[in-house]
Amino acid sequence: QTRYTGIIERYRDRLPVSADTRLISLCEGNTPLIQLQNIPRLIGKDVDIYVKFEGLNPTGSFKDRGMTMAVTKAVEEGSQAIICASTGNTSAAAAAYAVRAGIKAFVLIPEGKIALGKLAQTLMYGAQIIQINGNFDAGMDIVKKISDHAPVTIVNSINPYRIDGQKTAAFEIVDALGDAPDFHCLPVGNAGNITAYWKGYKEYSTDSATHKAVTKKRPVMCGYQAAGAAPFVARAMVDNPETVATAIRIGHPQSWDGAWTAQKQSGGWFESFTDQQILAAQKMLSSYEGIFCEPASATSLAGALHDIANGNIPEGSKIVCTLTGNGIKDPDIAISQCKDAHPVTIDATLDAVKKAILDSM
Ligand code: F0G
């Protein structure tokens, strides 16, 4: 009998841990790769679309993969406290893994600009929340300087262990499909995740001293951004990023070079989408497939559908879209998207319920 105990245990031989390392884990990873059934039919295209639903990680986003690794190493190195700047998901993950490890977490968040569920999580885990009158990029600037002034380990994705943890999602996809997909579509914010996936796909397709390549194939990497926060499309940093998808409201991505390397080496591209297109994709996933992701996550599907329609992604392709976070993290946006779906209020009687059902059939 083998109980699943997280990504480090599963991919131990490809991660920087030793037999003695105390693993800080919440059994993250091993997330479902769900094949879309209704949307391909709806768009009338012969494409195989899979979504890697990272919203089903312990704190509801892909950040758990990076955080198990970063906190494991922080503890191994004797750190008593971690810190991050965050649009919400990294802070929730940092807070949870710090609790698990028995160390302190400090999180810098842009005041009023993180989704309600993420704030609730971070409060419940008991992290020290520091709200700043500034955006994610401003918080990131401060965090990069703070370790010279206070004994804290940075757990943003500039910490290379974060990237190592997150690369395991690419391993899982190849293990599940038996090969790499043709295209991999991702929302891009701070650009750590596209960097991590590309590292994972490269490691799985390269012979090394310790491992024979699992496959020779690598996907084309498609990085999708929100129109108001699209430095990779502009090819320049953006100073006042704005988007409804607060998770990717980032104008100065830290993994700038990593993302460009992924794009160039894979033959991929960057594209941006309006808030309206992003929300439409989020609604589509919920109402046609029963999959509820947060707005930023739906950017990957918005992009895939756009590039399938214009032929950049040809028919016959196998496509994976990462859905980075869970929809229940952002209830405000979800409810505001469903203003027309008025719940009916009726008397608590059998007759009234019967009438309500028959009236709407
Ligand atoms: N999707 C979600 C749900 C995110 O939370 C993030 C980043 C991204 C996509 C973009 O990933 O930064 O690796 O390109 N969230 C960070 C945070 C910035 O603080 O939670 P990326």
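Q: Before we start, how are angles between axes given here?
A: Axes are lines fitted to C-alpha atoms, and angles run from 0 to 180 degrees between N-to-C directions. Keep in mind that this is a predicted model.

Q: OK. At what angle does helix α6 run to β3?
A: At about 150 degrees. Helix α6 covers residues 136–146 and lies across β3, β4, β5 and β6.

Q: What do those strands form, and in which order?
A: The four strands form an open sheet. The order is β5-β4-β3-β6, and the pairing is parallel.

Q: Which strands stand at the edges?
A: β5 (128–132) and β6 (153–154) do. Each has a single partner strand, so one side of each is left without a neighbour in the sheet.

Q: And how many bridges pair β3 with β4?
A: Five bridges, in the parallel sense. Strand β3 is residues 81–85, and strand β4 is residues 104–110.

Q: What stands opposite Ala 85?
A: Leu 108, in β4.

Q: New topic. Which residues are buried in helix α11?
A: Gly 258, Ala 259, Ala 262, Gln 263 and Ser 266. The helix itself is residues 256–266.

Q: Why are they on the same side of α11?
A: Because they cover an arc of only 135 degrees around the axis.

Q: What about the other side, buried or exposed?
A: Asp 257 and Lys 264 are exposed there.

Q: So what covers the buried residues of α11?
A: The cover includes two helices, α9 (192–204) and α10 (231–234). It also includes the strands β8 (220–226) and β9 (269–273).

Q: What follows α11?
A: Gly 267. Its phi is positive, near 75 degrees.

Q: Zooming out, which domains is the protein chain divided into?
A: Domain 1 takes 7–60 + 162–337, and domain 2 takes 63–158. Their centres, taken over C-alpha atoms, are separated by 22 Å.

Q: How many residues does the contact take from each domain?
A: 40 residues from domain 1 and 35 residues from domain 2.

Q: Which helices supply the domain 1 side?
A: α1 (7–10), α7 (160–166), α8 (168–177) and α14 (331–337) each supply at least two residues of the side that touches domain 2.

Q: Which one gives the largest share?
A: α7, with five residues.

Key
Residues are numbered from 1 along each chain as its sequence is written. This is a predicted model: local features need pLDDT of at least 70, side-chain atom pairs count only at pLDDT 80 or more; totals for chains, interfaces and linings use all residues. Two strands pair if DSSP finds at least two bridges between them. Two residues are in contact if their C-beta atoms, placed from the backbone, lie within 7 Å. A residue is buried if 20 or more other C-beta atoms lie within 10 Å of its own, exposed if 12 or fewer, and partly exposed in between; C-beta atoms are placed from the backbone. The arc is that of the directions from the helix axis to the C-beta atoms. Domain bounds come from an automatic or database domain assignment.
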